[in-house]
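Hi,

Here is the structure I promised to pass on.

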Amino acid sequence: MRNPLSETIVSIKPSGIRKFFDIVSEMDDAISLGVGEPDFDTPWRVREEAIYSLEQGRTFYTSNAGLMELKREISSYLDKKYNLTYHPGKEILLTVGGSEAIDIALRAMLDPGDEVLIPQPSYVSYLPCTILAGGKPVIINLKEENEFRLTAGELEEAITDKTKILVLPFPNNPTGAILEREDLEALASVIEKHDIFVLTDEIYSELTYNEEGHCSIAALPGMRERTVYINGFSKAFAMTGWRLGYACAPRIILEQMLKIHQFAIMCAPTTSQYAAIEAIKSCDADVLAMREEYDHRRRYLMDRFKNMGIKCFEPFGAFYIFPSIQEFGISSEEFATRFLERKKVAVVPGTAFGDCGEGFLRISYAYSLDTLERAMDLLEEFVGELRQ
């Protein structure tokens, strides 16, 4: 019998995050700090609008690109928040989460052998989606001494004559690192010099805790026409299960993304689209309240790590923290495995997000303060035992 499987698919490793989720699901009373999902309920007004849309029988396909009313709201929202201007009818596409937007953007832009620069540690989908699109992933290892920011020098060094796209994953999962305007301006100079494109994943843009707030590279002079901007409703609006994201791009790129979306997906979930209209219109206060609570948890964890003597740079984005465990002389996976076995607390090894994540852990603070306090007490016990 012939091998029924694609060699390309077989060669791709499964997500390193899933191993610990699977173990936790079989353990009683385990605490998980591994999920990148808000612990808040979707705001009631959003859920109520979804219920109303179902009661009104709005259960049919929308247009392939999504509801025009929602695209207009997104256009207005991006203009107001980040000084980004996109035509709702020609430059905005509703997708099944931000993950679909990443996938179809890469497939629309890459030819076999084109190189995609992927800063790591970063979200697990960029590398496999590049391979599935026929591209060649080129990893840029981010450094703790740079607060896991991508520098213009690192970018310049990685570019070759085959480079086509830079993935810009900030605010970052798993490190919580951000890029400020001056960082982006330095990168933009290199990007324009070498005539490459940018896929900027800004799903955590609303969860930024520095004084200046979030800045998008697409808002910088000369960058809009070479950038695919990706965002969504999962993180800021606590709508992970609604599976709704969006991509904004110049028409020449978006038309090809829409073609893939038409054949593979048809349209994003109708009920989710109606709910998202309400989210954008009325949930600024909810988003602010969630951000303030995340910030409180972030500062609590920084204090606990300092008191434990665990080295950790201060993250200013997303809801992750990336402490170093290099002092203990064991791998990230071994640390996470032993911590789970001995104390029933699950964290994610940094290597799940790239080899340069070795020596670090990803801890999500999308959990209640009570849960974080219990987990930190157990971590303090565990590191005390390791230091004996």
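Let me start with the domain interface: 39 residues of domain 1 touch 38 residues of domain 2. Keep in mind that this is a predicted model.

Now for the charges. Across the interface of domain 1 and domain 2 there are 3 salt bridges, and the count for the structure comes to 30.

- Arg 45 and Asp 286 meet at 2.4 Å, N to O. Arg 45 belongs to helix 3 (residues 44–55) and Asp 286 to helix 11 (residues 284–308), so this pair ties together parts 241 residues apart in sequence. Arg 45 is partly exposed at 35% relative accessible area, and Asp 286 is partly exposed at 23%.
- Glu 206 pairs with Lys 81, with 3.3 Å between the closest N and O atoms. Glu 206 sits in the loop between strand 6 (197–201) and strand 7 (227–232), while Lys 81 is in helix 4 (residues 68–82), 125 residues apart. Glu 206 counts as buried at 7% relative accessibility, whereas Lys 81 is partly exposed at 34%.
- Glu 91 and Arg 224 come to 2.4 Å at their closest N and O atoms. Glu 91 is in the loop between helix 4 and strand 2 (92–95), Arg 224 is in the loop between strand 6 and strand 7, and 133 residues separate them. Glu 91 is buried at 12%, and Arg 224 is partly exposed at 26%.
- Lys 311 and Glu 144 form a salt bridge at 3.7 Å, N to O.
- Glu 147, Arg 149, Glu 180 and Asp 183 are linked in a salt-bridge network.

On to the rings. There are 17 aromatic pairs in the structure. One of them is Phe 335 with Phe 382, edge-to-face at 5.1 Å centre to centre and 85° between the planes. That pair joins helix 12 (residues 332–343), which holds Phe 335, to helix 13 (residues 369–387), which holds Phe 382, across 47 residues. Both Phe 335 and Phe 382 are buried. Ring pairs also link Phe 40, Tyr 204, Tyr 294, Phe 319 and Tyr 320 into a cluster. Finally, the charged end of Arg 58 sits over the ring of Tyr 274, 4.8 Å from its centre.

Cheers

Note on methods
Residues numbered from 1 in each chain as written. Predicted model: local features only at pLDDT ≥ 70, side-chain atom pairs only at ≥ 80, totals over all residues. Heavy atoms only, no water. Phe/Tyr/Trp six-rings, centres within 6.5 Å; stacked < 30°, edge-to-face > 60°. Helix = DSSP H or I, 4+ residues; strand = E, 2+ residues; numbered from the N terminus. Buried < 20%, exposed > 50% of the residue type's maximum accessible area, 1.4 Å probe, protein only. Lys NZ or Arg CZ within 6 Å of the ring centre and 35° of its normal. Contact = heavy atoms within 4.5 Å. Salt bridge = Lys/Arg side-chain N within 4 Å of Asp/Glu carboxyl O.
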